[in-house]
Amino acid sequence: MRKAVLRYVHRAAGEPVPADALDGADLPAHLLMNFRVIDEAGRELASGRDLAALKSQLGQAAQLTFAAAEPGIEKSGIRAWDFGELPATIAFTRGGRKLTGYPALVDEGESVAIRLFDTGGAAAESLRGGVRRLMTLALKEQVRQLDKSLPGFTQAALLLRAFAPADELKDDLLLAILDRAFIGEDELPRNANAFEELKQRARARLPAVREAGCRLFVTIAEEYQRAQQRLGAAAKSAPQPAADLRGQLGRLVYKGFMSATPWERLHDLPRYLKAAQVRLDKYPRDAERDAKHAGSIASIWKRYEERAIKLKRAGEYEPRLEDFRWRIEELRVSLFAQELKTPYPVSYKRLDKLWAEISKA
């Protein structure tokens, strides 16, 4: 709908309109599409102009409908890949309407299940967790040994005890290691042969990934502790940057951060934490410059966060938006701690260009 409004303004004004011109703007209700959701009998279930809110409101009901529509595909208590091919989609008819369902594995703790999802995004997310659980069962001896040997974990866990107990930190670290070793960037399997091939690669990768994961965890914990100490010392002398940095650090290191953060980004966290300390060191020499850039970055972050929340509510995922999120961290390094360097050029102009591309999608 925003695209349609922008096209109209372009025609009316005779001038090109930036793709993000309406970001953050509250459009009048009559300019927004009104959506109606009906069941198989044609009865209205809900209506409104916020599609993401409707998806969130009716998501569970949709899943129940899909489950009832194709009972033959669903199965519980699975502990090995002994169920043949897992199709990417299933077409079926319900109430005279043709529907498409997305089968995926679901992690149920001691086993997995096959369930039918109403969106491909939700199915893909669930499938990854299901494959990881099935792989854990297939390589249970290796996983048992892994749990007993996590170099440096105990001391690092003490440094992070403020936001999570040791057992939860260990579970988070193990999940990150297993996800990287068992799947990483490989294509998710949909048959027994593909799963077996993945298992062989996973078995070979596990020792090296364990070492790398533990090193990352220890390094991040140590840098986080140093950053927190610097923030504590700067709370009175530099309250504004200290408050901004506390918010930034809270979005980088938190309960569950090891498994929630993409593996390649975990390698960047120590540099981001060092950059926070460098910023505090430089602040007394140019407080005005710090405040100027802090305000600009806050506006960029707000723009990202609003869109990310909206996509999450709709059950959607946009890789470029997540790339944008990490480029904000690189912009911080570029502006406040240039000596730590960034892996690629980053600037306000480049972020604006990327945002325009995201907005057009």
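**Helix packing and a hairpin**

Helix H6 passes helix H7 in a right-handed crossing, where right-handed means that the near helix is turned clockwise from the far one by less than a right angle, and left-handed that it is turned anticlockwise. This is a predicted model, in which local features need pLDDT of at least 70 and side-chain atom pairs count only at pLDDT 80 or more, while totals for chains, interfaces and linings use all residues. Residues are numbered from 1 along each chain as its sequence is written, and side-chain values use heavy atoms, with hydrogens and water left out.

The protein has 14 helices and six strands, which are DSSP runs numbered from the N terminus (helices: H or I, at least four residues; strands: E, at least two). Of its 361 residues, 39% count as buried, that is, under 20% relative accessible area with a 1.4 Å probe and protein chains only. Among the contacts with a separation of 6 or more, 65% come from residues 24 or more positions apart, a contact being heavy atoms within 4.5 Å.

H6 covers residues 166–182 and H7 residues 192–234, and the two pack at an angle of about 140 degrees with their axes 7 Å apart; axes are lines fitted to C-alpha atoms, for helices over the stretch in contact, and angles run from 0 to 180 degrees between N-to-C directions. H6 and H7 are therefore oblique to each other, since angles under 35 degrees count as roughly parallel, over 145 as roughly antiparallel, 65 to 115 as roughly perpendicular and the rest as oblique. On the H6 side the contact includes Leu169, Leu173 and Ile177, which meet H7 residues including Leu198, Ala202 and Phe217. By class, this contact has twelve nonpolar, one polar and three charged residues, with Ala, Val, Leu, Ile, Met, Phe, Trp, Tyr, Cys and Pro counted as nonpolar, Asp, Glu, Lys and Arg as charged, and the others, Gly among them, as polar.

H7 also meets helix H3 (residues 120–138), the axes coming within 11 Å and crossing at roughly 65 degrees, which makes H3 roughly perpendicular to H7. In this contact, Val131, Leu134, Met135 and Ala138 of H3 meet Phe195, Leu198, Lys199 and Ala202 of H7.

Turning to the strands, S5 (residues 97–107) and S6 (residues 112–117) run antiparallel and are joined by six bridges, where pairing requires at least two bridges found by DSSP. Tyr102 has Phe117 in S6 as its bridge partner. Four residues lie between S5 and S6 in this hairpin, and Gly109 in the turn has a positive phi of about 90 degrees.

Methods: Buried < 20%, exposed > 50% of the residue type's maximum accessible area, 1.4 Å probe, protein only.
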